[in-house]
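Welcome! Take a moment to look over the sequence and turn the model around before reading on.

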Amino acid sequence: MTELGFLGAGNMGSAIMRGICSSDMQISVSAYDKDTAKLEALSAFGVKPCKSECELVKKCDYILLAVKPQVLGGVLDTVAEEVTHDKVIISICAGISEDFIRSHTIPSAKVVLVMPNTPMMLGLGASAISRADGVTDEEFAFAKSVIESCGIAEEVPINKMKEIIAVNGSSPAFIYLFAKGFVDYAKSVDINPDAALKLFAQSLVGSAKMLTDSGMTVDELIKQVSSPGGTTIAGLDKLYEGKLTDTVDECCKACTARAYELAKK
Ligand SMILES: NC(=O)C1=CN([C@@H]2O[C@H](COP(=O)(O)OP(=O)(O)OC[C@H]3O[C@@H](n4cnc5c(N)ncnc54)[C@H](O)[C@@H]3O)[C@@H](O)[C@H]2O)C=CC1
Ligand SMILES: O=C(O)[C@@H]1CCC=N1
C-alpha cells in the first residue's frame with residue numbers, strides 16, 4: 001500500500017489528512033509533529049504517529065511538507081540522509097521552490113509544489129499544483145488526488161507558484177477583511193451583525209457560482225447588478241474613487257514579494 005507521510009500536522013497538514021481519511025483512497029497515512037497532542041487528535045482518523053522526522057521520511061513513499069517555511073530548511077537538513085531519488089516530496093510551504101528542497105536534500109529529489117488554502121478544512125479548498133522535472137505522470141496524478149480529497153486543484157506553471165499565492169492561498173484573508181467591512185457597516189446602522197454576516201456570506205457563495213457557472217464575464221456580471229441611476233452604481237463610484245483594483249494589485253504584489261523573501265531563508 002502507498003505510504004504517505006506528513007511532516008507537520010497543523011492547520012493545513014491536518015486538513016489534508018482529514019480529507020484523505022474521509023475519502024475512499026486506499027493509502028496508509030502517517031505523520032510527525034513536534035506537538036504530540038496534534039498527532040493524538042489525528043489517530044482517531046487512522047493516522048499513524050511517527051516518533052521523529054527521520055522515521056517518517058524513511059517509511060514513506062510520498063512526504064508532504066506542512067511546516068512553516070521559516071523552519072523548513074532545518075527540518076530538511078535533519079531528514080536529508082533519508083531522502084532517496086524514488087521518494088516524492090510534496091510541499092505546501094509558501095514561497096518554497098524545488099531548488100530550495102533539492103539544495104537541502106538531494107539534487108535529484110522529486111518535488112511537487114502545492115499552494116492550498118484554508119477552506120480545505122471544509123473540503124472546499126482551491127489548490128494550485130505543479131511538478132518539477134523527474135516526477136512521473138503517475139506520481140503527479142497521485143499527489144493531485146491527495147490534494148483533491150479536500151477541494152479542487154488547478155495545474156499552474158512551476159515558475160508561477162509564488163505569484164499564485166495571492167490569488168488562492170492568501171485571498172481567503174482578503175475576502176474576510178472585505179466581509180468585515182460590510183458587517184461593521186451593518187452594525188453601524190443597527191442591523192443584527194449575525195444576520196448581516198449570513199446575508200453577506202451567502203452573497204459570496206452565490207456570486208462565486210455566478211463567476212464560474214453563469215457564462216458571463218466579470219464586467220458583464222458587474223453590469224447586470226448595476227441598474228442605471230441605481231444604488232450599485234452609487235456604491236461602485238466610491239470603490240473606483242478609492243482605487244480598489246489598484247489596491248488589490250498592490251496587495252497581490254506585496255504577497256508575491258514576501259514569497260520571494262521566504263524562498264531565500
Ligand atoms: N494557513 C494557510 O492559510 C496556508 C498555509 N500554507 C503553508 O502551509 C504550511 C503550514 O501552515 P499552517 O498549517 O497554517 O501552520 P501551523 O503552524 O498550523 O502548522 C505547522 C505545524 O508544524 C509543526 N512543526 C514545527 N516544527 C516541526 C518539525 N520539526 N517537525 C514536524 N512538525 C513541526 C508545528 O508544531 C505545527 O503543528 C506553511 O508552510 C504555510 O506556508 C499554505 C497555504 C495556506
Ligand atoms: O500567510 C502565509 O504565508 C500562508 C501562505 C498562504 C496563506 N497563508
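The report below walks through the overall build, the sheet, the annotated regions and the ligands.

## Before we start

This is a predicted model, in which local features need pLDDT of at least 70, side-chain atom pairs count only at pLDDT 80 or more, and totals for chains, interfaces and linings use all residues. Residues are numbered from 1 along each chain as its sequence is written, while chains are lettered from A and ligands numbered from 1 in the order in which they are written.

## The overall build

Let us begin with the whole protein. Its secondary structure comes to twelve helices and eight strands; helices (H or I, at least four residues) and strands (E, at least two) are DSSP runs, numbered from the N terminus. Taken along the principal axes, the box filled by the C-alpha atoms is roughly 65 × 35 × 30 Å.

Of the 265 residues in the protein, 33% are buried. A residue is called buried if 20 or more other C-beta atoms lie within 10 Å of its own, exposed if 12 or fewer, and partly exposed in between, with C-beta atoms placed from the backbone. Two residues are in contact if their C-beta atoms, placed from the backbone, lie within 7 Å. Among the contacts with a separation of 6 or more, 68% are between residues 24 or more positions apart.

## The sheet

The eight strands make an open sheet with mixed pairing, in the order β3-β2-β1-β4-β5-β6-β7-β8. At its edges are β3 (48–49) and β8 (151–155), each of which pairs on one side only. Two strands pair if DSSP finds at least two bridges between them. Strands of a sheet pair through backbone hydrogen bonds, either parallel or antiparallel.

Follow the strands one by one and you will meet several parallel pairs. β1 and β4 run parallel and are joined by four bridges, with L7 opposite L65 in β4. β4 also pairs with β5 in the parallel sense over four bridges, and here Y62 has V88 in β5 as its bridge partner. β5 (residues 88–91) in turn pairs with β6 (residues 110–115), again parallel and over four bridges; V88 has K110 as its bridge partner in β6.

In a regular strand the side chains alternate between the two faces of the sheet. Strand β4 is covered on both faces: Y62 and L64 are buried on one side, and I63 and L65 are buried on the other.

## A helix across the sheet

Helix α6 (residues 137–148) lies across β1 (3–7), β4 (62–65), β5, β6, β7 (125–131) and β8, and runs at about 145° to β8. Here, axes are lines fitted to C-alpha atoms, for helices over the stretch in contact, and angles run from 0 to 180 degrees between N-to-C directions.

S145 is found in α6. Is S145 buried or partly exposed? It has 14 C-beta neighbours inside 10 Å, so S145 counts as partly exposed. S145 and I20 are 125 residues apart in sequence, but their C-alpha atoms are 9.0 Å apart in space.

## Annotated regions

UniProt positions are given in the numbering used here, feature names are shortened, and annotations may be inferred rather than shown by experiment. An unreviewed UniProt entry gives residues 4–95 the annotation "domain: Pyrroline-5-carboxylate reductase catalytic N-terminal". This span is 40% helix and 21% strand, and its end C-alpha atoms are 23 Å apart. The unreviewed entry gives residues 160–262 the annotation "domain: Pyrroline-5-carboxylate reductase dimerisation"; that span is 80% helix and 0% strand, with end C-alpha atoms 15 Å apart.

UniProt (unreviewed entry) also lists L7, G8, A9, G10, N11, M12, A66, V67, K68 and P69 under "binding site". They span 63 residues in sequence, yet no two of their C-alpha atoms are more than 14.1 Å apart, so they gather at one spot.

Two of these residues deserve a visit. L7 lies in strand β1 and counts as buried because it has 25 C-beta neighbours inside 10 Å. V67 is in the loop between β4 and α4 and counts as buried because it has 24 such neighbours. Leaving aside residues up to four places away in sequence, V67 touches L7, G8, L72 and V75.

## Around the ligands

A residue is near a molecule if its C-beta atom, placed from the backbone, lies within 6 Å of it. Ligand 1 is surrounded by 27 residues, and the closest are G8, G10, M12, C93 and A94. Helices α1 (11–21) and α4 (69–79) each supply at least two residues of this shell.

By class, the shell around ligand 1 has 14 nonpolar, seven polar and six charged residues. Ala, Val, Leu, Ile, Met, Phe, Trp, Tyr, Cys and Pro count as nonpolar, Asp, Glu, Lys and Arg as charged, and the others, Gly among them, as polar. Around ligand 2 are A94, I165, G169 and S170, which divide into two nonpolar, two polar and no charged residues.
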